[in-house]
Amino acid sequence: MANDPIHQFHIQTLFPIEVGGMDFSFTNSSLFMVLTVAATSAFLIFSTSGRGLVPTRLQSISEMAYEFVAGTLRSAAGTEGMRFFPLVFSLFMFVLVANLFGMFPYFFTVTSHIIVTFALAMLVILTVIIYGFMRNGMKFLKLFVPSGVPAALIPLVTLIEVISFLSRPISLSVRLFANMLAGHITLKVFSGFIVSLSAMGAVGIFGSILPLGMTVALTALEFLVAFLQAYVFTVLTCMYLNDAIHPSH
Amino acid sequence: MSSQNGDNKDRTVGSPEAGLSERRAQLNRKLDDIRVVEEKTARKSQSSSSGYAQAMKLSSEFIAGVLVGAGIGWVGDQWFGTSPFGLIVFLLLGFVAGVLNVLRAAGVVEQPDAKVQREKDVQNDRSK
């Protein structure tokens, strides 16, 4: 079991809850989602409670997070996009903190389950579709009809554009989930090598330096990936929101 | 380096104007060197760290296109009883959409009418 790289992703029921024959149990995944939200809120509330004109270290971290997300959103969707700032900032902080929580040993990585990332992606895409129709009405459908295409090709191109649009939430969720899953499995496999190699005597212990070095390097890479994927998720969210605000195709 | 500096000092003593312009040219050359090195290192770090990210991005774009195409085809078949033609047609369209996604993600094909939109944005900014 110690060497099973998949074991870390098992979902365990902590408090069984059943409503109308459906399973609503509180699992370790739910526990870490609650922890993620609680830690993020507590950090932001605590660090900004001082409201110093000259920020303390913690306050400047939250200010940097704010500036970073606001800058990304403003550059991708314009100042009009700032009405979505609460959504985008919550998504960014949730994904980032969930990814970073996963880096603690024995912690559950919420974002390594595709159903979680897919739910986040559906939230984004439904926001885009609903707001796009609310704001632009039927003009929103122009998103699927590129201009300058011969009339004979328009049905085909529109169909392809629709499929391309529908594939967005899937690629968004697959990317985040696959990165986290692959990273954690690789980490586990390489650290498993250390244990198996060092069981082989003196030569094995000497040889296990190689996977140990690899594990250290991969841990650093995983921190980078954790941040990068949260950033990528945010940037793509901003780009899709931009489509909802200006579907000028 | 040290001999160059010595040369420079001699010339500065000779005529201040010529010395100054010489020094400026030298500083420019130094700055250019530094800039080239910085760009190189930036490019190197970018390509090594984002190669993996790039691979993930492109493959997920392609897979998503194919999956959605196949899904639409399959559901269509279930609804209209046209099996297996819906699946065949939409799987192919899904491949096309996947390739389009990859090309867009790689920046080979521009987002539809991105140029037009950019011009519009510029106009909006001006009118504001």
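In chain B, Glu61(B) is part of helix α2, which spans residues 16-80 (helices are DSSP runs of H or I, at least four residues, numbered from the N terminus). This is a predicted model, in which local features need pLDDT of at least 70 and side-chain atom pairs count only at pLDDT 80 or more, while totals for chains, interfaces and linings use all residues. Residues are numbered from 1 along each chain as its sequence is written, chains are lettered from A in the order in which they are written, and side-chain values use heavy atoms, without hydrogens and water.

Glu61(B) counts as buried because its relative accessibility is 10% (buried means under 20% relative accessible area, with a 1.4 Å probe and protein chains only). Leaving aside residues up to four places away in sequence, Glu61(B) touches Ser171(A) and Arg175(A), as well as Gly98(B), Asn101(B), Val102(B) and Ala105(B) (contact means heavy atoms within 4.5 Å).

## The interface of chains A and B

Contacts link 26 residues of chain A with 28 residues of chain B. Between them the two chains bury about 2,300 Å², 64% of it on carbon and sulfur atoms (the accessible area, 1.4 Å probe, lost on being put together, summed over both).

## Salt bridges and contributing helices

The two chains share 2 salt bridges (a side-chain nitrogen of Lys or Arg within 4 Å of a carboxyl oxygen of Asp or Glu). Glu61(B) and Arg175(A) form a salt bridge through their side chains, at 2.9 Å from N to O. On the side of chain A that touches chain B, α5 (154-198) and α7 (209-245) each supply at least two residues. The largest share of that side, 15 residues, comes from α5(A).

Methods. Buried means under 20% relative accessible area, exposed over 50%, partly exposed in between (1.4 Å probe, protein chains only).
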